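Biologist: I am new to this structure and would like to be walked through it slowly. Could we look at it together, one part at a time?

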Amino acid sequence: MPAYNLIIIQVPKRQQISDFLTIRNMMYGRATDIDVHVLSVAEPPPSGFWQKMAERPSLIFSPIPVPLDPRLRGARLMAANIPKSEELRRLRIAGLPVPETLPITPDLRLDAGKWGPFTVIKPDVGYRGRGVALRRTRFVRWTDTSRLPEDDPRRGRLMLAQRYIHTGSRTCCYRVMTVLGRIIYAMRSLADVDSPRLDPDGEDDVELEVAANGVARRLDLIEDADILALARDIAAKLTYVPVFGIDIIREEGSGRLYVLELNSSGRTWHLSSDHGLGHQRDFGLDYYGQFDALGQITDALIEATRKLAI
């Protein structure tokens with residue numbers, strides 16, 4: 001007789017429901033004390049579903065924020081819309097390596113002698129690297145983003161100034177997906193061509209796209225021990241959402257690693273999102289097979305349900 005309910009919520013295009021049905025089937029053999037239910041936001045739950053769930057302790061899991069009646073029974077493991085600046089604040093407090101980052105306010109003036117000749121500017125809330133650019137530090141100034149065109153990704157956003165970390169002649173970034181502390185896949189994004197060479201003493205302003213996902217690139221799977229160790233450390237210390245898409249860079253020369261963001265909003269289930277399936281097809285990747293993704297997630301959800309269900 002099951003003792004707990006696990007309720008998994010699927011959002012079309014963000015995850016394939018087959019992922020969660022497979023996890024449910026795997027649980028039948030691993031955790032007979034957990035009754036797994038998979039709901040899609042595309043369809044209403046069966047009549048009386050939530051009343052039935054209230055009969056035993058439950059855990060609700062969703063990789064994407066979804067609105068739920070707060071009166072429903074069940075602990076909740078769900079993504080949250082957290083700005084980059086708040087992610088970085090939490091990372092700093094936890095003692096994790098992040099580039100120095102400041103909000104671009106009307107009175108902000110950066111000292112290029114201390115900060116460096118170039119600065120990355122980015123929206124505090126962004127999407128797929130849009131609006132991320134490299135500027136000469138002395139030209140970084142506040143602007144009223146509400147006046148930008150409607151299709152500008154910076155429109156109405158707080159902008160951040162971030163110390164530029166040079167990753168090499170070709171822009172390079174690493175993405176590690178974690179679920180409840182477990183590494184699900186890890187990949188590298190490497191630009192196809194060298195970035196333009198910029199004169200650090202030049203007088204002209206520049207606005208160069210520098211996000212690794214904003215240029216033509218190649219993706220491949222990696223098993224870099226240092227990057228995986230850092231991702232595990234992050235997932236162990238920061239547990240406010242169940243799924244992270246952790247973006248990490250390595251400084252050329254020093255080899256030091258820095259965390260850029262965590263993608264707490266959950267749009268990172270690239271095992272089966274439309275976006276992630278495209279990557280796997282185009283670059284011949286297998287996110288499922290790298291670290292036994294669905295097996296890892298199943299075991300993590302078993303542990304979480306037994307520990308947290310209410």
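What follows is a conversation about the helices, the cores and a sheet of this model.

Modeller: Please keep in mind throughout that this is a predicted model.

Biologist: Which element supplies the largest share of the largest nonpolar core?

Modeller: The largest nonpolar core has 32 residues, and Leu6, Phe61, Trp269, Leu271 and Ile297 are the members that touch the most others. Elements that each supply at least two residues of this core include β1 (4–10), α1 (17–30), β2 (34–40) and β3 (58–62). The largest share, six residues, comes from α8.

Biologist: How many residues does α8 have, and what span does it reach?

Modeller: Helix α8 covers residues 293–308, and its buried residues include Leu294, Ile297, Leu301 and Ile302. From its first C-alpha to its last, its reach is close to the 22 Å expected at 1.5 Å a residue, so that the values asked for are 16 residues and 22 Å.

Biologist: Why do the buried residues of α1 line one face of the helix?

Modeller: In α1, the residues Asp19, Phe20, Ile23 and Met27 are buried, whereas Tyr28 and Gly29, on the other side, are exposed. The cover over the buried residues includes β1, β2, β3, α7 (287–290) and α8. Seen down the axis of α1, the buried residues line one face because they fall within an arc of 85 degrees.

Biologist: Which strands are the edge strands of the open sheet?

Modeller: Five strands form this open sheet, with antiparallel pairing, in the order β5-β8-β6-β7-β11. Strand β7 (residues 133–136) pairs with β11 over two bridges, and Leu134 stands opposite Leu208 in β11. An edge strand pairs on one side only, and this holds for β5 (101–103) and β11 (208–209).

Biologist: What angle does the direction of helix α3 make with that of β8?

Modeller: Helix α3 (residues 84–93) packs on the sheet, where the strands touched are β5, β6 (118–123) and β8 (159–163). Taken against the direction of β8, the direction of α3 makes an angle of about 40 degrees.

Terms used. Residues numbered from 1 in each chain as written. Predicted model: local features only at pLDDT ≥ 70, side-chain atom pairs only at ≥ 80, totals over all residues. Heavy atoms only, no water. Helix = DSSP H or I, 4+ residues; strand = E, 2+ residues; numbered from the N terminus. Buried < 20%, exposed > 50% of the residue type's maximum accessible area, 1.4 Å probe, protein only. Core = buried A, V, L, I, M, F, W, Y, C linked by side-chain atoms within 4.5 Å. Pairing = 2+ DSSP bridges. Contact = heavy atoms within 4.5 Å. Axes fitted to C-alpha atoms, helices over the stretch in contact; angles between N-to-C directions. Arc of directions from axis to C-beta.
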